[in-house]
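This report describes selected local features of a single protein chain. The sequence and structure are shown first, and the description follows.

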Amino acid sequence: MNFDINKPYVSIIIPCRNEENYIIKSLESVINQDYPKDKLEILIIDGVSTDNTKNIVIQFSKNYNFIKVLDNEKKFKSFALNIGIKNSKGDIIIIIDAHTTYKSDYISKCVNLLNSNHIDNVGGISITLPSKDTVIANAISIVLSNPFGVGNSYFRIGIKKPTLVDTVPYGCYKREVFDKIGYFNENLIRNQDIEFNLRLKKNGGRILLTPDIVSYYYARPDLKSFFNQNYLNGFWIFYGMKYAKFPFSIRHLIPLSFILSIIFTLFISLFSDYSFYLFIFILSLYFIFICFFSLKIILKHNIKYLIPIIFSFITLHISYGLGSFVGLVKLLYSKVAKNV
């Protein structure tokens with residue numbers, strides 16, 4: 001065992017639910033880190049999995065004494081995160097996603113940067129990989145790495161140098177952060193990390209994104225699961241404002257604006273032929289942009305991805321936009337109902 005009294009004790013928090021297809025690869029990538037195992041604990045918080053996930057992680061805990069399995073009866077991630085943090089012993093806490101694998105120096109680089117840059121949270125780029133070796137799965141992973149798909153989400157499209165940002169994936173925090181500003185907002189089913197990091201920044205915290213820290217995220221394998229995931233992401237970025245404030249960027253607002261323009265022009269076209277032409281113009285312009293970026297992408301890949309990439313872009317934009325629209329409507333309705 002590699003003992004190093006100078007290394008801080010690190011707690012790895014892994015919320016999971018029904019991740020039997022990914023949890024083994026994810027855990028193995030954490031176990032194979034170059035960080036001293038005597039300075040490491042891994043807390044896996046299972047959200048009442050209905051597949052074989054819990055049996056898998058229990059077996060891991062039997063084989064490795066630094067792995068502990070906890071239960072999250074309320075299922076959702078925000079509860080799991082708080083359960084893990086409250087039961088952890090580390091001076092540094094790293095949030096890990098069970099759908100992701102990590103380079104062997106992930107933990108050591110997080111710790112070094114956190115301690116040497118007066119930073120309160122550090123994270124790295126997340127390279128998107130296909131979940132299956134199929135054309136559509138590959139197309140989805142490509143779309144999630146393209147600015148036309150995810151905008152200026154730097155941890156997905158990449159950066160060239162360390163940059164102070166609003167949020168990072170799989171954050172690495174000093175424990176004192178939680179003592180200072182509290183825990184994750186348990187009212188939020190999604191985007192609880194965005195809200196937490198906003199609180200951190202408002203309290204003077206600094207968040208660093210660096211290309212030197214690398215993880216590998218496995219995207220959804222088909223359009224149906226891809227649609228459902230992004231619908232919920234869009235929904236909670238707006239409905240979540242019922243419980244907390246969120247920082248918006250253009251990439252959050254564009255899908256909603258697109259959906260609103262379609263709904264509005266389609267509705268008023270019932271009363272005006274000119275509005276119908278505007279509706280057709282918007283759709284045509286959108287299709288031109290999709291074709292342009294899709295053709296640009298296949299120059300680096302393969303012509304067989306053209307149609308799947310087009311459908312993946314449409315699925316991403318429509319699902320996120322619809323989710324945002326429904327979330328906004330539900331938010332406004334809840335505020336009106338509250339005031340009645």
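The model is predicted, so local features need pLDDT of at least 70 and side-chain atom pairs count only at pLDDT 80 or more, while totals for chains, interfaces and linings use all residues. Residues are numbered from 1 along each chain as its sequence is written, and side-chain values use heavy atoms, with hydrogens and water left out.

Ile107 lies in helix 4 (residues 106–116). Helices (H or I, at least four residues) and strands (E, at least two) are DSSP runs, numbered from the N terminus. With neighbours within four places in sequence set aside, Ile107 is in contact with Val10, Ile12, Val30, Gln33, Tyr35, Leu40 and Ile94, where contact means heavy atoms within 4.5 Å. Pro36 is 71 residues from Ile107 along the chain, and the C-alpha atoms of the two are separated by 10.0 Å.

Two of the contacts of Ile107, Val10 and Ile12, point one way from strand 1 together with Ile14 and Cys16. Ser11, Ile13 and Pro15 point the other way, and the residues of both sets are all buried. In a regular strand the side chains alternate between the two faces of the sheet. Because seven of the seven residues of strand 1 (residues 10–16) are buried, this strand is largely enclosed by the rest of the structure.

Strand 1 pairs with strand 2 (residues 40–46) in the parallel sense, over seven bridges; two strands pair if DSSP finds at least two bridges between them. Val10 has Leu40 as its bridge partner in strand 2, and Leu40 is also among the contacts of Ile107.

## Helix packing

The axes of helix 1 (residues 23–31) and helix 2 (residues 53–63) are 10 Å apart, and the two helices pack at an angle of about 25°. Axes are lines fitted to C-alpha atoms, for helices over the stretch in contact, and angles run from 0 to 180 degrees between N-to-C directions. Helix 1 and helix 2 are therefore roughly parallel to each other, given that angles under 35 degrees count as roughly parallel, over 145 as roughly antiparallel, 65 to 115 as roughly perpendicular and the rest as oblique.

On the helix 1 side, Ile23, Ile24, Leu27, Glu28 and Ile31 meet Ile56, Val57 and Phe60 of helix 2. These contact residues divide into seven nonpolar, no polar and one charged (Ala, Val, Leu, Ile, Met, Phe, Trp, Tyr, Cys and Pro count as nonpolar, Asp, Glu, Lys and Arg as charged, and the others, Gly among them, as polar).

Helix 5 (residues 135–143) is mostly covered, with seven of its nine residues buried. Among them are Ala137, Asn138 and Ile140.

## Loop residues

Most residues other than glycine have a negative phi, and most peptide bonds are trans.

Gly182 is placed in the loop between helix 8 (175–181) and helix 9 (192–202). Beyond its neighbours within four places in sequence, Gly182 is in contact with Val177, Phe196 and Arg199.

Methods
Buried means under 20% relative accessible area, exposed over 50%, partly exposed in between (1.4 Å probe, protein chains only).
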